[in-house]
Amino acid sequence: MLGMVRHWWGLLRRPSTRWSVLTLLVVGIVLGSVGVVGFNLSLHATNTEAFCTSCHEMYAQPFQTVQQTTHYNNASGVRPTCSDCHVPHEFVPKMIRKIEAAREVWGSITGMIDTPEKYMAHLEQMKAREIARMRSNDSAGCRSCHDVARMDFSAQGEKARFYHSAMAEQGKTCIDCHQGIAHQYPGTVPASGQEPLAEVAAEH
Ligand code: HEC
Ligand code: HEC
Ligand code: HEC
Ligand code: HEC
């Protein structure tokens with residue numbers, strides 16, 4: 001056994017006589033590029049709405065609810081896909097989220113949310129996890145489109161102006177006040193974060 005390992009190790013370490021260094025380099029670069037392109041393609045492919053809804057349309061609720069909102073239907077035609085809100089845009093946090101998604105693969109194998117009833121039974125748990133994630137990354141997905149520094153407060157309604165100008169000093173982030181903007185289910189609270197809003201108002 002050990003002899004065989006030594007033999008192969010020796011072969012691997014022996015300088016190549018057949019191929020020129022140039023050939024080996026070119027082959028290496030080509031293979032490396034294929035790897036990088038493949039990696040990026042698969043990152044991209046797992047970020048499309050079609051990919052998310054391949055599971056989450058079967059578990060139809062999130063997609064149907066999004067379609068009823070301004071984020072899906074609006075005059076400007078700017079429309080976030082699932083990953084714009086849910087998957088961080090920076091490389092490292094994005095990779096961490098992709099690895100975390102192993103739980104989702106497991107959940108789909110075990111049929112965790114594959115009927116509307118099961119989905120609703122599991123809803124609060126999923127919401128809580130997503131809200132916690134957005135709190136911990138300071139609502140990074142929202143901020144990839146909405147830049148508070150560029151908000152023209154004077155163009156906003158009085159309520160929005162009041163809360164937005166106080167949010168930094170109050171240590172609040174978008175998801176504290178804007179829950180349910182993308183998925184709102186009949187009979188569930190809160191609609192547009194009424195509770196957090198009351199809480200902020202009370203602090204004033
Ligand atoms: C292989 C099927 C599958 C795919 C593809 C998939 N999901 Fe999921 N997703 C699930 C399942 C199952 C759960 C419930 C997992 C649990 O609660 O343990 C889930 C849960 C979630 C949650 C709730 C929060 C959480 O951490 O559980 C969010 C948000 C979510 N998915 C978003 C997405 C987005 C965005 C995409 C596309 C980038 C996506 N999913 C692709 C099956 C999938
Ligand atoms: C792809 C860019 C994009 C992302 C990501 C995004 N938004 Fe928006 N959002 C928009 C656009 C564009 C509008 C304006 C739509 C219109 O009325 O024309 C809007 C409108 C809104 C509104 C006002 C209308 C409403 O539905 O109440 C709120 C509040 C809002 N966004 C909050 C959020 C929050 C919170 C997040 C993160 C969870 C988020 N947005 C993520 C682009 C985005
Ligand atoms: C402390 C609470 C609070 C926080 C934090 C907060 N908002 Fe708001 N936001 C509001 C209120 C209140 C309104 C007005 C809602 C209404 O008029 O019904 C509003 C309105 C908006 C609107 C519509 C503006 C208009 O006048 O049409 C957008 C877009 C929006 N918020 C985006 C965001 C984004 C993005 C973040 C995070 C960067 C954020 N908000 C953080 C409370 C908050
Ligand atoms: C505009 C931003 C936005 C978009 C677009 C969006 N979501 Fe969400 N999603 C949220 C927020 C915010 C929550 C946290 C819970 C809440 O506020 O209702 C959430 C919660 C969820 C949950 C937890 C369970 C639930 O139903 O609330 C799932 C699963 C989910 N989203 C999947 C998706 C999928 C799949 C898509 C694409 C079809 C999508 N989301 C598009 C913002 C978004």
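In the predicted model, a side-chain N or O atom of Arg133 lies 2.8 Å from an oxygen atom of ligand 1. The shell around this ligand draws two or more residues from each of four elements, namely helix H3 (49–56), helix H5 (82–86), helix H7 (102–109) and helix H8 (116–136). Helix H8 makes the largest contribution, with 5 residues.

Two further polar pairs involve histidine side chains. An N or O atom in the side chain of His122 is placed 2.5 Å from an oxygen atom of ligand 1, and a polar side-chain atom of His56 is 2.8 Å from a nitrogen atom of the ligand. Both His56 and His122 are among the closest of the 18 residues that surround ligand 1, together with Cys52, Cys55 and Glu104. Classified by residue type, the shell consists of 7 nonpolar, 6 polar and 5 charged residues.

At ligand 3, the iron atom is coordinated at 2.0 Å by the NE2 atoms of His164 and His178. These two residues are 14 positions apart and link distant parts of the chain: His164 belongs to helix H10 (residues 158–166), while His178 falls in the loop between helix H11 (174–177) and helix H12 (194–203).

His178, at 38% relative accessibility, is partly exposed.

Technical notes
Residues numbered from 1 in each chain as written. Chains lettered and ligands numbered in written order. Predicted model: local features only at pLDDT ≥ 70, side-chain atom pairs only at ≥ 80, totals over all residues. Heavy atoms only, no water. Near = heavy atom within 4 Å. Polar contact = N/O pair within 3.5 Å; in protein donor to acceptor, adjacent residues only side chain to side chain. Nonpolar A, V, L, I, M, F, W, Y, C, P; charged D, E, K, R; others polar. Donors = N, O, S within 2.8 Å, 3.2 Å for Na, K, Ca; no water. Buried < 20%, exposed > 50% of the residue type's maximum accessible area, 1.4 Å probe, protein only.
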